[in-house]
Amino acid sequence: MYFIVRYNWSDKLTNKCSVGFFKSLKNAIKFVTFYLPYDNERNTVAIIKQDEGVKDYSRPSEVFEWSETYEVYIPVEDEDTRRFVVTTY
């Protein structure tokens, strides 16, 4: 399962909120890109793969940030630190 998690990057990953989950990464990316509305309190969206069983942490499969120009979430650069941060949820 792929979980969509919103969080505030500037506050060191605080104020996390799960938005939903999908069976495929493609469907999760489509939802974030086209349907997820902007949240003033959380500036970053991560898609995290979570397998069955207990797992405390995971690296995000994809990370998005809000684009003021296009008014949608866009993927961050491959070298962005947010892609390498282990997210506990």
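Guide: A quick definition to begin: a salt bridge here is a side-chain nitrogen of Lys or Arg within 4 Å of a carboxyl oxygen of Asp or Glu.

Visitor: Great. What kind of model is this?

Guide: This is a predicted model, where local features need pLDDT of at least 70, side-chain atom pairs count only at pLDDT 80 or more, and totals for chains, interfaces and linings use all residues. Residues are numbered from 1 along each chain as its sequence is written, and side-chain values use heavy atoms, with hydrogens and water left out.

Visitor: How many salt bridges does a search of the whole structure find?

Guide: Six.

Visitor: Which residues are linked in a network?

Guide: R6, D39 and R42 are. D39 pairs with R42, the closest N and O atoms being 2.7 Å apart, and also with R6, at 3.5 Å.

Visitor: Where do D39 and R6 sit?

Guide: D39 is in the loop between α1 (25-34) and β3 (44-49), while R6 is in strand β1 (residues 2-8), 33 residues apart. Helices (H or I, at least four residues) and strands (E, at least two) are DSSP runs, numbered from the N terminus.

Visitor: Is D39 buried or exposed?

Guide: Buried, with a relative accessible area of 12%. Buried means under 20%, exposed over 50%, partly exposed in between (1.4 Å probe, protein chains only). R6 is buried at 8%, and R42 at 13%.

Visitor: New topic: what does E62 form a salt bridge with?

Guide: With R83, the closest N and O atoms being 3.4 Å apart. E62 lies in strand β5 (residues 60-67) and R83 in the loop between β6 (72-75) and β7 (87-88), so the pair ties together parts 21 residues apart in sequence. Both E62 and R83 are buried.
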